[in-house]
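Me: I would like to learn how to read strands and their surroundings in a protein model, one feature at a time. Could you take me through it slowly, with the general idea before the case at hand?

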Amino acid sequence: MKYSRQRECIRKFLADRHEHPTAETVYMNVKKDFPNISLGTVYRNLSLLAELGEIAKISTGIGPDRFDGNTAPHYHVICNSCGKVMDLKMGNIDHINIIAGNEFEGRIEGHIAYFLGKCKECLEHEKKKINS
């Protein structure tokens, strides 16, 4: 694969982030360094980087896909109210593969788990509404 300065800029942008930005957010930030870049180019490069395993694509089911520069195994919490995706610092639960394997005639090779809840900001906003 041919080297691309735009792709490298996208990869570096994601490597420095923890808020799991959308493609639109990546586009708006990369556009600062590459004013002529198109949203389509950003989407294509995000897809390619995800296919190569250099970034993770998080499909939340709540709003647009998010992207994570941290490809090390870890879990996420998705806020049911605002759609924010947050890293969850917790121990590994790979034993879930064994449990699932006991109920499956094939071979379990991994899992994807998202936890759903409300972020701190949405809880505070909800509390203010109730107290008003």
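Me: Which way does strand β5 run relative to β3, and how many bridges join them?

Reply: In this predicted model, strand β3 is joined to strand β5, residues 114–117, by 4 bridges, and the two strands run parallel. To see one of these links for yourself, look for Cys79, whose bridge partner in β5 is Gly117.

Me: What joins β3 to strand β4, and in which direction do these two run?

Reply: Here too there are 4 bridges, but β3 and β4, the latter covering residues 85–88, run antiparallel. Within this pairing, Ile78 stands opposite Val85 of β4. The two strands form a hairpin with 5 residues between them, and in the turn you will find Gly83, which has a positive phi of about 85°.

Me: How should I think about the two faces of a strand, and are those of β3 covered or open?

Reply: The general idea is that side chains in a regular strand alternate between the two faces of the sheet.

Me: How many aromatic pairs does the structure hold?

Reply: It holds 1 aromatic pair. Its members are Tyr75 and Phe115, arranged edge-to-face, with 6.2 Å from centre to centre and 80° between the planes. The pair links distant parts of the chain, since Tyr75 lies in strand β3 and Phe115 in strand β5, 40 residues apart.

Me: Why is Tyr75 called buried, and why does Phe115 count as partly exposed?

Reply: The general idea is to compare the relative accessible area with two cut-offs, under 20% for buried and over 50% for exposed, with partly exposed in between. Tyr75 has a relative accessible area of 10%, so it is buried, whereas Phe115, at 31%, counts as partly exposed.

Me: Where is Ile55, and which residues is it in contact with beyond its neighbours in sequence?

Reply: Ile55 sits in the loop between α3 (39–51) and β1 (56–58), and this loop residue is buried, because its relative accessible area is 4%. Leaving aside neighbours within four places in sequence, its contacts include Leu14, Leu46, Phe67 and Thr71. By way of contrast, the C-alpha atoms of Ile55 and Lys127, 72 residues apart along the chain, are separated by 36 Å.

How values were computed
Residues numbered from 1 in each chain as written. Predicted model: local features only at pLDDT ≥ 70, side-chain atom pairs only at ≥ 80, totals over all residues. Heavy atoms only, no water. Buried < 20%, exposed > 50% of the residue type's maximum accessible area, 1.4 Å probe, protein only. Contact = heavy atoms within 4.5 Å. Pairing = 2+ DSSP bridges. Phe/Tyr/Trp six-rings, centres within 6.5 Å; stacked < 30°, edge-to-face > 60°.
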